[in-house]
Amino acid sequence: MKKYSLTMKDIKRHETIKSWLKREITGNQVSVLLGISYRHALRLKRAFKEKGLEGIVSKKRGGRKGISKILKERVSGLFKGKYDSRFNIAHFNEKLDDLEGIHLSYSTIRNILIEKRLHKPKKRKGNSGYKRRKRMPREGMLIQMDSSFHQCLENIPEDWYLITMIDDATNELLFAKFFYKDTSFNNMEVIRKVVENKGLFMSLYVDKASHFKTTRYGGLHYNVSIEQEETHIENLLKYLGITLIPANSPQAKGRIERNFGTLQDRLINEMWLAKIKDYRGANGFLRDVFISYWNKRFKRRPRVEGSVYRSDRGINLDLVFTKRYIRTVTNDSTISFYNQEISIPLTRRKLNPSRKKVEVRLSPEGTIWILYKGKVIYRTEISEENSLVKKEKLIENILKHRSYG
């Protein structure tokens, strides 16, 4: 059995945290009794649950005097050299532990970098008074989706979009991909991947981007009336029984912003360390390395066991993940779509939709379905000679060529 030389401070910590775990006192009372921040009290509680007494014994005995000058120089040299002073302390600490064989606490590394004037402590902002929303208790109840636009690779000057989805209950990174444009189809692709990999979820929490929610009149903070047209993504989510929740304030989206901020920072630095040079490589790195890295580090157990993800069996996802339009059929059974005349042949049931309204669905690959009274009556492909398609492909090729460098 390991023996400890305890101080009065250690004994006080031990007794206070034990009382907290027994729910005899609150976390705020612990922070007052121990004269520490609430956040530090949480760290001590977590350490005590994981390591017992060893987790809360003061590490300051011997303090930084126990760290040799050579080790300090090695840590600061790695930070300035191999890691280019770009990693935050927590991420740098991980790399020291995983790759360099240096096992020091966060606070020790922080103190070394401050001493070497490689890190300037930031003043913590005061409490805004906003109470954080609790995480959902079960997997699949709420999925966070975010799209960020910035320069992710130093050798490519253009910004790209990173579209990401995370389960609110577990912080699991479900899927992520880089795109050169933030379009409805690209967002559909990410949502579809999650549905295929995990199943149908209950709700999707997003920002107020126009491809999620219509906000055409009255400015950003105007409540859209029911009469306004729903977006393509709203339509498909409604069909799948997924509730769309747009963030109405920066505070409401606070954890998502912090979470995705951490993800982006880690991803950019991990790609830099792995010497990723283009976005094909970046998406391969995301798929093969980073998603599992993130989930190993940051995924947590849900408060309540059991997933609410539902099977997508029996649903034609090709038909669901489409853009939807309404067209009127002419007397000669044709419609105009994307500057293209489409002739609709009569069906075996002799259904004649002339002068009737039909629904036209367009897939990302250019497949067109025509539906009448909810039934598919015709399927075709969009013409490669279509002027709008040619224009979109030209823009796409220019952007891809420019952005891959």
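The paragraphs below go through the nonpolar cores, the salt bridges and one group of strands.

This is a predicted model, in which local features need pLDDT of at least 70, side-chain atom pairs count only at pLDDT 80 or more, and totals for chains, interfaces and linings use all residues. Residues are numbered from 1 along each chain as its sequence is written, and side-chain values use heavy atoms, with hydrogens and water left out.

In soluble globular proteins, nonpolar side chains tend to be buried together. A nonpolar core here is a set of buried Ala, Val, Leu, Ile, Met, Phe, Trp, Tyr and Cys residues joined through side-chain atoms within 4.5 Å. Buried means under 20% relative accessible area, exposed means over 50%, and partly exposed lies in between (1.4 Å probe, protein chains only). The largest nonpolar core has 43 residues, and those touching the most other members are Met145, Met165, Ile191, Phe201, Leu204 and Phe321. Helix α7 (residues 184-198) gives this core its largest share, six residues. Helices (H or I, at least four residues) and strands (E, at least two) are DSSP runs, numbered from the N terminus. Leaving aside residues up to four places away in sequence, Ile191 touches Met145, Met165, Phe201, Leu204, Ile233 and Phe321; contact means heavy atoms within 4.5 Å. A second, separate core has 23 residues, among them Phe260, Leu267, Ala282 and Trp294.

Charged side chains come next. A salt bridge is a side-chain nitrogen of Lys or Arg within 4 Å of a carboxyl oxygen of Asp or Glu. The whole structure holds 17 salt bridges. One of them joins Glu73 and Lys116 at 2.6 Å, N to O. Glu73 is in helix α4 (residues 69-80) and Lys116 is in the loop between α6 (106-115) and β1 (143-150), so this pair ties together parts that are 43 residues apart in sequence. Glu73 is partly exposed at 40% relative accessible area, and Lys116 is partly exposed at 28%.

Lys95 and Glu270 also meet in a salt bridge, at 2.8 Å, N to O. The pair links distant parts of the chain, with Lys95 in helix α5 (residues 89-100) and Glu270 in helix α9 (residues 254-273), 175 residues apart. Lys95 and Glu270 are both buried.

Between Glu172 and Lys299 the salt bridge has an N to O distance of 3.7 Å. Glu172 is in the loop between β2 (160-167) and β3 (173-179), and Lys299 is in the loop between α10 (279-298) and α11 (317-320), so the pair ties together parts that are 127 residues apart in sequence. Glu172 is buried at 11% relative accessibility, while Lys299 is partly exposed at 40%. Elsewhere, Glu94, Asp98, Arg266 and Arg297 are linked in a network of salt bridges.

In β10 (residues 367-372), six of the six residues are buried. Thr367, Trp369 and Leu371 lie on one side, and Ile368, Ile370 and Tyr372 on the other.

Two strands pair if DSSP finds at least two bridges between them. Strand β9 (residues 357-362) pairs with β10 in the antiparallel sense over four bridges, and Glu359 stands opposite Leu371. Their hairpin has four residues between the strands, and Gly366 takes a positive phi near 100°. Strand β11 (residues 375-381) runs antiparallel to β10 and is joined to β10 by six bridges; Tyr378 is the bridge partner of Ile370. The hairpin of β10 and β11 has two residues between the strands, and Lys373 in the turn has a positive phi of about 55°.
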